[in-house]
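I opened this entry to keep track of what I looked up, one place at a time. The notes follow the order in which I went through the model.

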Amino acid sequence: MNHIAIFASGTGSNAKKIIEHFQSNPTIKVSLLVSNKAAAPVLDTAKANGIDQYVIDRFSFYETEEILTVFEKYDIDFVVLAGFLWLIPSYLVQAFSGRMVNIHPALLPKYGGKGMYGKNVHRAVKAAGDSESGITIHYVNEKYDDGDIVFQAKCAILSTDSAEEIAKKVLELEHRYFATVIEKILISQI
Ligand code: GRF
């Protein structure tokens, strides 16, 4: 059995899709939802689906390795970042090397790095006048949005598309692909 921990601190629409995707899977289970925000809407989704949650604070995340102890309790062997903005500390990157992925709402290496999240990304794509954007699923290393790319999918952008419309197209791709890419990694098809 694979036990996944999802890190999410926002709306959690991706987390919800992933939870639903694996709900009836006999060998892959979302076992824990980690958030750095006690009031994040994603925690309600976890609760509604009977998934345990763990709210992490900055001190214990960066100054202790407490999260690894929590992971042991749940047998976590794979970590998914789905809207988690804090940089992952070295001890965690090393413990989950090749077993931790993030999703980024653009075609990396473009529009990645510190500060490039949410609306900022789509506004930058719009300002550049790009004719396409998309999603990148990548392994996590010690820098923002920098690890090896596992998967990308593209969408066309019209010159009339607003940043909000670009965001919508990109989120659709995230919902369509993220869970299946995770599944493929876990059954080693990627
Ligand atoms: C997604 O756009 C993802 O690419 C980024 O954070 C956003 C999370 O959205 N890393 P949601 O909370 O899953 O709706």
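**Ile 51.** This is a predicted model, and I read it as such. I began with the contacts of Ile 51: leaving out residues up to four places away in sequence, Ile 51 touches Ile 19, Val 30, Ser 31, Leu 32, Leu 33 and Ala 46. I then looked up where Ile 51 sits, and found it in the loop between helix 2 (41-48) and strand 3 (52-55). Is Ile 51 buried or exposed? Its relative accessible area is 9%, and the limit for buried is under 20%, so I noted Ile 51 as buried. I also checked its separation from His 104, which is 53 residues away along the chain: the C-alpha atoms are 24 Å apart.

Strand 4 (residues 78-81) pairs with strand 5 in the parallel sense, over 3 bridges. Within that pairing I noted Asn 102 of strand 5 as the bridge partner of Leu 81. I followed the chain from strand 4 through helix 5 (residues 90-95) to strand 5, and this β-α-β crossover is right-handed. Strand 6 (residues 132-139) also pairs with strand 5, here in the antiparallel sense and over 4 bridges. Two positions I wrote down: Val 101 stands opposite Tyr 139 in strand 6, and Asn 102 stands opposite His 138 in strand 6.

**Strand 6.** I stayed with strand 6 and checked its burial. Of its 8 residues, 6 are buried, so strand 6 too is largely enclosed by the rest of the structure. I then asked how many bridges join strand 6 to strand 7. There are 7, and the two strands run antiparallel. In this pairing, Ile 137 has Phe 151 of strand 7 as its bridge partner.

**Gly 147.** I looked up the loop between strand 6 and strand 7 (149-156), where Gly 147 is placed. Gly 147 has a relative accessible area of 10% and is buried. Neighbours within four places in sequence aside, Gly 147 is in contact with His 138, Tyr 139 and Asn 141. I also noted that 39 residues along the chain lie between the positions of Gly 147 and Leu 108, with their C-alpha atoms separated by 10.0 Å.

**Helix 6.** I turned to helix 6, residues 119-128, and found Val 121, His 122 and Val 125 buried. They span an arc of only 90° around the axis, which puts them on the same side of helix 6. What covers these buried residues? I listed strand 5, strand 6 and helix 7 (163-186) among the elements that do. On the face turned away from the buried side I found Lys 119 and Ala 127, which are exposed. Just after helix 6, Gly 129 has a positive phi of about 75°.

**Asp 130.** I moved on to the loop between helix 6 and strand 6, where Asp 130 lies. Asp 130 is buried, at a relative accessible area of 18%. Which side chains make a polar contact with the side chain of Asp 130? I found that of Lys 110, at 3.2 Å, and that of Tyr 111, at 2.7 Å. Apart from neighbours within four places in sequence, the contacts of Asp 130 are Lys 110, Tyr 111, Val 125 and Ile 157.

**The ligand.** Last, I listed the residues around the ligand: Thr 11, Gly 12, Ser 13, Asn 14, Gly 83, Ile 103, His 104, Pro 105 and Glu 174. One oxygen atom is 3.4 Å from a polar backbone atom of Thr 11. For Gly 12, a polar backbone atom is 2.7 Å from an oxygen atom of the ligand. For Glu 174, an N or O atom in the side chain is 2.5 Å from an oxygen atom of the ligand.

Note on methods:
Residues are numbered from 1 along each chain as its sequence is written. This is a predicted model: local features need pLDDT of at least 70, side-chain atom pairs count only at pLDDT 80 or more; totals for chains, interfaces and linings use all residues. Side-chain values use heavy atoms; hydrogens and water are left out. Two strands pair if DSSP finds at least two bridges between them. A crossover is right-handed if, with the strands pointing away from the viewer, the path from the first strand over the helix to the second runs clockwise. Buried means under 20% relative accessible area, exposed over 50%, partly exposed in between (1.4 Å probe, protein chains only). The arc is that of the directions from the helix axis to the C-beta atoms. Contact means heavy atoms within 4.5 Å. A residue is near a molecule or strand if one of its heavy atoms lies within 4 Å of it. A polar contact is a pair of N or O atoms within 3.5 Å; within protein, one must be able to donate a hydrogen and the other to accept it, and residues adjacent in sequence count only if both atoms are side-chain atoms.
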